[in-house]
Amino acid sequence: GQSVTQITQASKAITGLTEEDSTGAMADTAATGLPAEANGSYEGWLADGDYRFAQDVTATEVDTEMVSRTVKRLTDLEVDPGKWEETLNLASIVEKEAGRADEMPLVASVIYNRLEAGQRLEMDSTVHYVHGGSATAATTSEQRAEVNDWNTYKMKGLPKTPIASPSLVAVKAALEPAQTDYFYFVTINPVTKETLFAETFSEHEANVELYRQWLREQTADK
């Protein structure tokens, strides 16, 4: 669920590697094994997990290990290499949008249903990727109106790159989404992660009102 920036900052803090080390290593995609279809972007390709390195580890070795784990994961799941980037892209949205692991296949079903219908994804997580998150998980009308390659409120299809490194559970959900007629979902309580799904916009609006009620309660508490 972390972005490349978050992962590299953590990596530098632990290993003592510098910004120059990290930038230089990532520039050499041949050395790190980043697949060509990633178009030079490591977003989504730095696998989560437990890593153990020698004290004299290089930035190239760190990046290579994380990328290789992602490649192995996709290979073990028998994902068509031509679909690797797309799978990670979709899975990254599932990772950021789903409140709980058991809801990931449901979130994936909404994404697929919208893509197949030619409907914009309108996922706040893709807006947060550019502007940063918020305590209430909300986005502003100004943020949603901005035209960029990640704002799925303004563009159709998946964003330009993944928006985070997805977990194995999220990748599996992207490969095996639930079979539903859902087109909408909203997390009505960002603290408990309670999420409601809907087939119609009117049903969704009723669910959104529950989220607005939660927001009002937070304001009242403050």
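The model is predicted, so local features need pLDDT of at least 70 and side-chain atom pairs count only at pLDDT 80 or more, while totals for chains, interfaces and linings use all residues. Residues are numbered from 1 along each chain as its sequence is written, and side-chain values use heavy atoms, with hydrogens and water left out.

Let us begin with helix 1. Helices here are DSSP runs of H or I with at least four residues, and strands are runs of E with at least two, numbered from the N terminus. (The expected span is 1.5 Å times one less than the number of residues.)

Which residues of helix 1 are buried? They are Val4, Ile7, Thr8, Ser11 and Lys12. An α-helix has 3.6 residues a turn, so residues three or four places apart point the same way. On the other side of helix 1, Thr5, Ala13 and Ile14 are exposed. Buried means under 20% relative accessible area, exposed over 50% and partly exposed in between, with a 1.4 Å probe and protein chains only. The buried residues of helix 1 pack against helix 2 (19-27) and helix 4, where contact means heavy atoms within 4.5 Å. Just after helix 1 comes Gly16, with a positive phi of about 85 degrees.

On a 1 Å grid over the protein atoms alone, a cavity is a set of points where a 1.4 Å probe fits but cannot get out; a pocket is an open set with protein on both sides within 12 Å along at least five of seven lines; lining residues have an atom within 4 Å of a point. Grid points are joined across faces, edges and corners, and a volume is the space filled by probe spheres set on the points.

The whole structure holds 2 cavities of 30 Å³ or more. The largest cavity has a volume of about 60 Å³, and its lining includes Ile7, Thr8, Ser11 and Lys12. Helix 1 and helix 4 each supply at least two residues of that lining. The second largest cavity, of about 50 Å³, is lined by residues including Thr70, Arg73, Leu74 and Leu88. Helix 4 gives the most to this lining, with 3 residues.

There is also an open space to look at. The second largest pocket has a volume of about 380 Å³. Of its 19 lining residues, the closest to its centre are Ile7, Ala47, Gly49, Tyr51 and Met66. Helix 1 gives the most to the lining of this pocket, with 5 residues.

Finally, turn to helix 5 (residues 84-97). Its 14 residues reach 20 Å from first C-alpha to last, close to the 20 Å expected. Because 12 of the 14 residues are buried, helix 5 is largely enclosed by the rest of the structure. Leu88 is one of those buried residues. The buried residues of helix 5 pack against helix 4, helix 6 (104-117), helix 7 (124-131), helix 9 (168-175) and strand 1 (184-189). Helix 7 has its own buried residues, Ser125, Thr126, Val127 and His128, and what covers them includes helix 5 and helix 8 (141-145).
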